[in-house]
Structures are given as structure tokens and as C-alpha cells.
Amino acid sequence: MRVAVTGATGNLGTSVLAALAEEPAVDSVVGIARRRPAVSWRKVEWRAADVTRHDLAAVFEGAGAVVHLAWIVQPNHDAAALQRVNVDGTLRVLEAVVRARVPVLVCESAFGAYSAGPADRAVDESWPTHGLAGSWYSRQKAYVERALDAFALAHPHVRLVRFRSAYILKRQAAAQAHRLYGGPLLPHALARPGTLPAVPFPAGMRFQAVHSSDVGRAYRLALVGDAHGAFNLAAEPVLDAAAVRSAMATRTVPVPPRLVRAAVSASWHLRLQPTSPDWVDLLVRPTLLDTRRARWELGWSPGHRATEALAEFMEGVADGAGGETPPLLPLDRSRPSFRP
């Protein structure tokens, strides 16, 4: 099988490439990204292409499957740029899959596509995916879900798999995450365990995480099997203030979520930091994911606990750690991508 992967140089993309390198059924991989990396990867040939403007059908020609991961979260002051890549780019990928007659399509969605869920339990893949109205990220994920629904109805001969993942973490993604969400005014060394005497934490907040390599393995299973439809991906346990205290080796101070949102909103509007306030809403009111379908139908289970993934990621942030591809470059080898 020949597999084409958009967004191949990012956090999840590099984990998918690593998983496919170990899969005997995959002969070759086309790694697609806007910036061609200098690093070589087993089975991978790199193609520089932009999902917003290049002929993707030509890039997908001869592929037995397409994995679509291309997505941006910055510049989130520029709604049109986000729309071009995340929504219009996905629609162009779907069109190109049909034109190139690719029989398998695997897409990354996210927990953010879900409508607000119950506080007392996790939801399975049948829960509505209408997103949260106040979050641009959630709205765009929900729009893509509707596009995938329409695609599945119009092209039943294409085996379509979509993964709705929790926060995807690994050490090599730390520098990128700091650039995208922390910015140059927030010293990354503050993330080192034991550095801060206390960390403010929105009262009642809970969230889920999963190690990037475990998500990459789920893609590998989906590509070589016969699964179709949606799958939730997350690891245990659900992360809360106690998990953050452990990862940061400090105490947490509960803060009303509305005050956290107000502080984030003010600093974002002043362009002091790059995280828009709707991300606070996604953290404070997450829809928790039930992953039993992935376990039963894919045979997938995470190899890392969520606490392990969080600790590894936070240590990576403190070290400015990254990878060899352009989006993942360590902090000491790249300029901050955020501009005030």
C-alpha cells in the first residue's frame, strides 16, 4: 500500500509516519507539507504542497489511502486564514480523493467537534458533533464533520475513518506548542517541575490527553484493517488539578473560570500572547470521550497513561524540546511563530 499523508511534519503527522514505517503492509509514504523538511524518513518521499492551492489529486495519484492531518491554529486573529486551511483545505482534500480514485480516507477530527456533553460520564461516537458555538476551533471541526458526513453519503465506495482525539501530547511537540499557545513573553523554563510555588488552575476543570505515538498507532490499525466510521481516542485517567500538581511538582490554586477567561481574553486582544479565550471554554467544559469502540473494533489501547503523556510533554516544554521537521524545531533553533 502507498499512503499519502497531509500535515506530515507536525506533532501527529510525525507519529503517523513512525507508525507506518513499522507496518509491513505499507510500501511507501508520500509526506505532504508546505515546507519540505531536510530530515529523511524510512519509506517516506517528501512533497511540498499546500492544501489551499496545489493540485492535490496529482499528489494523491497512485495512493491506496490518504491520511488528512493538515490543520492550523495560528494566526487565530485571522479568521480567513484559518478558514482557508482548515475548512476549505479539507474540502479540497475530499475532492482530490475522489478525482484520484483513492479507496481509503482517514481524517483527524477532535474532541472539540462534539457538542457539550454531560458532566457525569463520557460520550461515545454517537454524541452530536455540532461543536461549541463560542469556539472557532470547535465550529470548524464541526463543519468538517458535516463535510465528512456528506462525503460518506456521496462516495460509499471510499472507506472513511475519522478519529476524534483528546489533546495529543509528546515531548517532541513541546516547542511547537509553546510557540502556538505560550508565546515569547511566557518563559518556557517555568514549566519545569518545582519551579513555580503555585499554578493557577480553573476550578473544576478536567480534560483528557493521549500520547501522540499511541494515536499514530491507531492510524496504522485503521489503514491496514477494515474499520470505518468514527473513533474516540483518549487515555486514562481524566486529568484534573491533582494530575497537574503531580506533573508540575507544585500546588494548584483554584481560580474561577470566568476570571481565567477574562485574563486570557484581555492579553489576547492586546496581542501579548497567542491563545484566544475560546480555548479556555474547551478546557473548562470539555466533552469527555468514551474509547470503547476503538478498543473493541480497532484492537487499540494506549501504551501511555495520560499522566505519563502530560509529564513527558511538560518536561519537553521546560527544555524547549522539539523534533527535526520545520513545525517541531526546538526553541533554540527557531524563532517564535507568534508576533504581537
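**Exercise 1.** Determine whether methionine 314 counts as buried or exposed in this predicted model, and describe its surroundings.

*Solution.* Step 1: the relative accessibility of methionine 314 is 16%. Step 2: the cut-off for a buried residue is under 20% relative accessible area. Step 3: methionine 314 therefore counts as buried. Step 4: methionine 314 belongs to helix α11, which covers residues 306-319. Step 5: once neighbours within four places in sequence are left aside, methionine 314 has contacts with Ala191 and Met248. Step 6: between methionine 314 and valine 244 the C-alpha to C-alpha distance is 9.8 Å, with a separation of 70 residues in sequence.

**Exercise 2.** Classify the relative orientation of helices α3 and α4, and characterise their contact by residue class.

*Solution.* Step 1: α3 (residues 79-99) and α4 (residues 136-154) pack at about 15°, and their axes lie 10 Å apart. Step 2: angles under 35 degrees count as roughly parallel, and α3 and α4 are therefore assigned to that class. Step 3: their crossing is right-handed. Step 4: α3 contributes residues including Leu82, Asn86, Thr90 and Leu94 to the contact, while those of α4 include Trp136, Tyr143, Ala147 and Phe151. Step 5: sorted by class, the contact of α3 with α4 comprises twelve nonpolar residues, four polar residues and no charged residues.

Notes. Residues are numbered from 1 along each chain as its sequence is written. This is a predicted model: local features need pLDDT of at least 70, side-chain atom pairs count only at pLDDT 80 or more; totals for chains, interfaces and linings use all residues. Side-chain values use heavy atoms; hydrogens and water are left out. Axes are lines fitted to C-alpha atoms, for helices over the stretch in contact, and angles run from 0 to 180 degrees between N-to-C directions. Helices (H or I, at least four residues) and strands (E, at least two) are DSSP runs, numbered from the N terminus. Angles under 35 degrees count as roughly parallel, over 145 as roughly antiparallel, 65 to 115 as roughly perpendicular and the rest as oblique. A crossing is left-handed if the near helix is turned anticlockwise from the far one by less than a right angle, and right-handed if clockwise. Contact means heavy atoms within 4.5 Å. Ala, Val, Leu, Ile, Met, Phe, Trp, Tyr, Cys and Pro count as nonpolar, Asp, Glu, Lys and Arg as charged, and the others, Gly among them, as polar. Buried means under 20% relative accessible area, exposed over 50%, partly exposed in between (1.4 Å probe, protein chains only).
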